[in-house]
Amino acid sequence: MRVLLYEWNAYMQSDLEEVLQRMKIVYETFSCEIGKETGIVDDYFIRNFGRILREGNFDAVLSLNYWSSVAITCEKEHVPYIAWGYDCPLSFKILDCLKYPTSHLFVFDKAQYQFYKERQFENVYHIPLSVNVKRLDEIQLTSEEKKNFTTDISFVGNTYASDYNMFKCVLDEYVKGYFESLIETQYRIYGDYFIDDLIPDELLIELQERIKKMPVFLGARQAPLEEFRGWVTMMLAREITRRERILLISALSKRHPFKLFSSQEETILKHVEYCGTVSSHYAMPKVFKASKINLNITYKQITVGMPLRVLDIMGAGGFLLSNYQEELLENFRPGVDCVIYESIEDAVAKAEYYLEHEEERQEIAHNGHEAVKRFSYENQLDKMFRIVFGDQYRQSSSSK
């Protein structure tokens with residue numbers, strides 16, 4: 001099988017290429033930025049990408065996340081397009097491209113999968129993300145790195161900047177109180193993102209009218225109503241995630257040494273040790289290996305799925321303390337492979353317990369490392385190829 005891999009600055013890109021080589025799948029890469037100045041569809045990209053497809057005689061195109069211009073080209077050239085989404089929600093506007101028989105989208109969050117299925121997109125599938133345990137096992141820490149990275153608790157990720165404070169300047173007291181109630185309720189609830197269902201169209205129309213005089217919201221104020229709804233709910237999700245992360249990090253860092261690996265510094269977090277950002281491919285796994293407890297606080301719009309951070313922590317052999325996610329509970333044993341909290345207070349209590357019980361903590365980290373191996377790139381890619389190519393792929397893979 002010959003695959004053309006659309007290459008861009010994606011977190012999973014190097015692991016994906018390494019595993020394609022291990023699977024002995026012949027692939028070539030195509031790297032060309034899809035221009036923003038031409039809108040959603042880039043005609044220049046489509047012409048060049050189409051020429052490469054015709055000349056290369058490829059069996060499929062593979063990309064991380066979904067690209068409308070790639071989908072359009074594959075439909076024109078009658079080549080299957082396999083898009084593996086690792087963002088949630090995915091950001092694209094031409095939903096009709098998903099109806100092409102050549103397009104196949106794989107998403108890691110069941111709630112996002114249901115969103116597309118309810119809209120009659122038949123070529124959308126659910127599959128969890130992957131981890132390259134083989135690479136992570138080969139990463140070793142120097143004595144200097146152990147000194148730099150070792151801590152009781154760490155979190156790798158941003159606290160998120162939000163437009164909400166600027167946005168609420170245009171709200172009257174009633175609407176402001178309504179949004180605050182939604183935010184306060186939502187950040188305490190895991191496994192369901194209900195805010196979108198509680199903002200009626202009439203309120204959205206009123207909000208869009210109110211921000212018309214604010215240049216900073218130019219794109220949002222000109223967007224169609226459903227697109228504006230997505231913008232509002234995403235803004236609120238960022239604000240909720242921000243509040244939850246700050247509250248939990250603050251509570252934990254007052255009690256234990258806490259290292260925050262982030263591009264953002266929050267003045268309200270006075271007890272953390274800011275460590276800046278770390279490279280995702282090499283340094284981040286070292287943080288996971290050296291930390292006694294690795295914290296996962298999932299971005300709120302990942303409703304039920306397992307974010308990549310969860311798999312990477314366990315894949316590196318780290319101890320995972322994560323908020324409740326439905327698919328995490330489905331795939332791993334709480335208290336055996338990882339530890340799941342259901343509130344800020346629960347997280348603080350469980351962190352306290354496992355810092356005092358080292359043997360239990362190490363055993364859970366070991367169990368998680370073994371359990372996460374079934375989410376290898378090889379396994380997930382094999383499932384995708386079998387869905388797209390059916391018996392044809394089964395026969396070719398069995399003859400290797």
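A: A term to start with: two strands count as paired if DSSP finds at least two bridges between them. The model is predicted. In β3, the residue bridged to Leu5 is Leu62.

Q: How many bridges join β1 and β3, and in which sense do they pair?
A: There are 4 bridges between β1 (residues 2–6) and strand β3 (residues 60–64), and the pairing is parallel.

Q: What about β1 and β2, how many bridges there?
A: β1 and β2 pair over 5 bridges, in the parallel sense. One partner pair is Tyr6 with Phe30 in β2.

Q: Which helix goes with β1 and β2 in the β-α-β unit, and what is the handedness?
A: Helix α1 (residues 13–22) makes the unit with β1 and β2, and the unit is right-handed.

Q: OK, zoom out. What is the strand order in the open sheet?
A: The order is β2-β1-β3-β4-β5-β6, with 6 strands and parallel pairing. The edge strands are β2 (26–30) and β6, each of which pairs on one side only. On average, neighbouring strands of this sheet are turned by 25° against each other, direction ignored.

Q: Now β5. Why call it largely enclosed?
A: Because 5 of the 5 residues of β5 (residues 103–107) are buried, the strand is largely enclosed by the rest of the structure. Buried here means under 20% relative accessible area.

Q: Which residues sit on which side of β5?
A: Ser103, Leu105 and Val107 are on one side, with His104 and Phe106 on the other. Both faces are covered, and these residues are all buried.

Q: And how much of β1 is buried?
A: 4 of the 5 residues of β1 are buried, so the strand is mostly covered.

Q: Back to β5. What does β4 do next to β5?
A: Strand β4 (residues 81–84) runs parallel to β5 and is joined to β5 by 4 bridges. Ala83 stands opposite Leu105, and Trp84 stands opposite Phe106.

Q: How many bridges between β5 and β6?
A: β5 and strand β6 (residues 124–126) pair over 3 bridges, in the parallel sense. Val107 has His126 in β6 opposite. Between β5 and β6 the chain passes through helix α4 (residues 110–118), and this β-α-β crossover is right-handed.

Q: How many residues line the second largest pocket, and which lie nearest its centre?
A: The lining has 28 residues, and Asp87, Val156, Gly157, Tyr160 and Arg309 lie nearest the centre of the pocket.

Q: Which helices supply at least two residues each to that lining?
A: Among them are α11 (225–253) and α13 (308–315).

Q: What classes are in the lining of that pocket?
A: By class, the second largest pocket is lined by 16 nonpolar, 7 polar and 5 charged residues.

Q: How many cavities of 30 Å³ or more?
A: The count is 1. The volume of the largest cavity is about 80 Å³.

Q: What lines the largest cavity?
A: 14 residues line the largest cavity, and Ile189, Gly191, Lys300, Ile302 and Gln325 lie nearest its centre. By class, the lining of the largest cavity has 5 nonpolar, 6 polar and 3 charged residues.

Key. Residues numbered from 1 in each chain as written. Predicted model: local features only at pLDDT ≥ 70, side-chain atom pairs only at ≥ 80, totals over all residues. Heavy atoms only, no water. 1 Å grid on protein atoms, 1.4 Å probe; cavity = no way out; pocket = protein on both sides within 12 Å on 5 of 7 lines; lining within 4 Å. Nonpolar A, V, L, I, M, F, W, Y, C, P; charged D, E, K, R; others polar. Points joined across faces, edges and corners; volume = space filled by probe spheres on them. Buried < 20%, exposed > 50% of the residue type's maximum accessible area, 1.4 Å probe, protein only. Right-handed = clockwise from strand over helix to strand, strands pointing away. Axes fitted to C-alpha atoms, helices over the stretch in contact; angles between N-to-C directions.
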